[in-house]
Amino acid sequence: MANTMEIEVNGRGYAVSYPPDTPLLYVLRDELGLTGTKYGCGEGQCGACTVLLAGAPRRSCQIPVSAAARKPITTIEGLEKGGKLHPVQQAFLDAGAFQCAYCTSGMVMSIVGLLQTNPNPKQEDIVQFLQGNVCRCGTHPRIIAAVEHAAKSMQEGAR
Amino acid sequence: MNTTKEKLIAEPERYEFSALAIHQFELQRRDFFKILGAGIAVFLVAKDALAAQETAPGSRSFHNEELPKEITSWLHVGEDGTVTGFTGKAEMGQNIRTSISQTLADELRVPFEDVRLVMADTSLTPFDAGTFGSRTTPTMTPQFRRVAEAARNLLIAVAAKEWGVAPEGLIAADAKVTDPGSKRSLTYAELARGKTLAQNLPAEDPITPATEWQIAGKPVPKVDGRAFVTGSHNYTSDIRLKGMLYGKVLRPPSFGATLASCDDSAARAMSGVVVVRDGDFVGVAAASAHEAQKALDAIRTQWKEVPQVSSKEIFSYLKNNAEPTSHERFRRQKGSVEEGLASAAKRLDAIYNVAYIAHAPLEPRAAVAQFAEGKLTVWTGTQRPFANRDELAGVFHMPESNVRVITPDTGAAYGGKHTSDAAIEAARLARAAGKPVKVVWTREEEFTWAYFRPAGVIEVKSGITEDGKLTAWEFHNYHSGSSGIETPYEVANQLTQYHQVPLVLRSGSYRGLAATANHFARETHMDALARLAKLDPLEFRLKNLSDARLRAVLEAVTKSFAWPRKKTQVGQGFGLACGFEKGSYVAACAEVAVDRVSGGVRVLHVVEAFECGAIVNPDGLRNQVVGAIIQGLGGALFEAMEFENGRIQNPHFATYRVPRFRDVPEIAAILLDRKDIPPAGAGETPIMAIAPAVGNALFDATGVRLNNLPLVPNGLRAA
């Protein structure tokens, strides 16, 4: 049965009526129209659907909407502030770190999560952290370069 | 659906085989300006077509309202100075939206930012057989150069008329025409204002040589980059239309299974659910994806299954089921292999096997279909929008002019999105529902019901002289295909042959087609022959190779890699491979590390040299080359479809291993820019050398020769 729940996405509250076990991914995409979060496998194996849930990167295809209620959710659409890209988005642009770009949203959200807990990751940390994110176009070296670039610019920005 | 019983023979170049002839072209000139507004338009007409028209008086003129059917590309300069190019090609991550725009801007002499490209829309763009075969750059570059050059000349002519001067002295640059004498100038926008000028012209060679390119040849960033990093780009799977339903299709439990019984009453009883049964097609549509899934789950079916070949017996099956006679066009012979083998000082025969693999584009097959006012519009991620349109028209018994297929920039394809499966499914459901329907395949459907890169068996017989010259080369490919089958090495006595085998799994194009398999077999065999000749693998290749472009990439890559390298650690190995296909040349060196105890294999370092003529965008090209290396590592090391009795055993990313961050070595790509050679495509050839380079490095490390792809799906057991 559909329950009405309050969810908070990118700082805005929404009342949604879905069965509580519906994956958050479908509510974001089909109900709220936040299609920047992608379906890649629905099995938590590719990372394309990554969002921040209470600040931590999570696979939205594996999170029941009921478990996301009343926790702040950030999607790719919520990163840009006042027309200014998040440093991770800017680093992807600067590094040309995408080809078909279908994995990009999930990569960016995962990396934003990584840099929150580890602002200065070593290459091994990045590889370990992004192991669950698939890029089929093979853009991995540029994605790693973008993470390093973003980490640097965030640290400079914080100073 | 998908259950055709007749024997299907795999075509070696499936995508070219299935390419269609030029069809009707509905857009009329009057409509064209209605859509785009006034301005100046130039249409490029295929040379032969124009010649034919010239024999029909009056048919080729600006007064003729209907555009010729054979138009291959066109552009429009609007009253605001916006330049719009039109191409039937699709963007799927290979970055052609950017590279074609560069070419247009370069030849028309406008800033890159002024150019936009309308792509892959059967109602707006010229007919195109499809985006495949590395054909976009070699065909679109000269076409758009020519069309832009003509538009430039037309703008100069308009300015000359305005000023009452001769056009010869006028200069077109930076989106304006200038008269150097009087210093007057008019922008393209000013020149286009109030005009509806159109010109047809024949296709000829481009004018501006690569050495003089200003915008092409530069690492211009990807168009729409901001839309991709902010998630605002709408892929097909992101499209939402008013009143749209979500569709799901019932899949058989195994390939070739047919419906014996079906009880869909429970699904039909659900409110808001549309159920469609049409032969073996069973599908549902509902207001949400989960309601559609619930309805699908409620359908009770029984299937009649048929026994199938399994992956563990596939190679012997392919060898034993080849068509008894091989088509002449698949057979090339020179000299006498028998004599070449008889005169050889040393002989080497070997058999190579290549597994089925999946494309696994991250955006699965998807389509949104809408019937309105007797017309069908389908948005779908496909490499062949026009073929999709024709198939839809055929399936729904509609004239092609009432079907429109639009392909948004797509979440990759790699040769895997030629067919119109999702488009037909969405349209069938939309017709029944009377509402737009979206179908997005699940990952499991994508791994099961799409098509695969075919498996193959390759047999090689060869002979060399005492000092390492090839005397004989016999090469048979069973099933996987004939792309890249011919050896680039000099050998007087040779036979290459492709043998067709009826399809086992649904098979089709894949990045590079069978060239990956054929290069793997050939370059592995060449490495083994070098060892037999007691020659360094590079020296052995160069001794048997005269092709200057292939030698150039070999020399570039080995110089950068510092070949031959001395081993400094246990388990270390170095390998080399090269080849050419589709007008471009590749050579790769790989370094591997093998853990003798665990059998673990790591590819540590890859250097690849690539040459495809004049480079249009070095940044985009580097992305394609590095991407091909990484994607190629998957098929080289561990990717393989496992199947048993018509069921795919590993239809998930958890069980079908694709390259991930940890699998990615340090990679260096050396791009040779040959400004004297017209640009060739680069989407495929860079994938071809990686598997044999890694395999040869593993032999160097262990002394174990691996003749099957994937090389080490379960690691390498200590030899």
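Biologist: How many residues does the contact take from chain A and from chain B?

Modeller: Before we count, keep in mind that this is a predicted model. The contact takes 54 residues from chain A and 52 residues from chain B.

Biologist: Okay, and how do I put a size on that?

Modeller: The size of an interface is often given as the accessible area lost when the parts come together. Here, the area buried between chain A and chain B is about 4300 Å², and carbon and sulfur atoms give 54% of that.

Biologist: Which three residues supply more of the area that chain A buries against chain B than any other three?

Modeller: Those are Gln99(A), Tyr102(A) and Arg136(A), which together supply 20% of the area chain A buries there.

Biologist: What about charges? How many salt bridges are there between chain A and chain B?

Modeller: The count is six. One you can look up yourself is Arg226(B) with Glu80(A), where the closest N and O atoms are 2.8 Å apart. Polar contacts get their own count: 33 residue pairs between chain A and chain B, with both residues at pLDDT 80 or more.

Biologist: Which helix of chain A gives the largest share of the side that touches chain B?

Modeller: Helix 6 of chain A, with five residues. Helices 1, 3, 4, 5 and 6 of chain A each supply at least two residues of that side. Sort the side by class and you get 25 nonpolar, 19 polar and 10 charged residues.

Biologist: Is helix 19 of chain B mostly covered or mostly open?

Modeller: Mostly covered: 13 of its 13 residues are buried.

Biologist: Now a loop residue. Where is Gln383(B), and is Gln383(B) buried or exposed?

Modeller: Gln383(B) sits in the loop between strand 17 and helix 12 of chain B. Buried means under 20% relative accessible area, so Gln383(B), at 3%, counts as buried.

Biologist: What does the side chain of Gln383(B) reach?

Modeller: The backbone nitrogen of Gly416(B), at 3.1 Å. Leaving out residues up to four places away in sequence, Gln383(B) touches several others, including Met92(B), Phe132(B), Tyr414(B) and His418(B).

Definitions and conventions
Residues are numbered from 1 along each chain as its sequence is written. Chains are lettered from A and ligands numbered from 1 in the order in which they are written. This is a predicted model: local features need pLDDT of at least 70, side-chain atom pairs count only at pLDDT 80 or more; totals for chains, interfaces and linings use all residues. Side-chain values use heavy atoms; hydrogens and water are left out. Contact means heavy atoms within 4.5 Å. Buried area is the accessible area (1.4 Å probe) that two parts lose on being put together, summed over both. A salt bridge is a side-chain nitrogen of Lys or Arg within 4 Å of a carboxyl oxygen of Asp or Glu. A polar contact is a pair of N or O atoms within 3.5 Å; within protein, one must be able to donate a hydrogen and the other to accept it, and residues adjacent in sequence count only if both atoms are side-chain atoms. Helices (H or I, at least four residues) and strands (E, at least two) are DSSP runs, numbered from the N terminus. Ala, Val, Leu, Ile, Met, Phe, Trp, Tyr, Cys and Pro count as nonpolar, Asp, Glu, Lys and Arg as charged, and the others, Gly among them, as polar. Buried means under 20% relative accessible area, exposed over 50%, partly exposed in between (1.4 Å probe, protein chains only).
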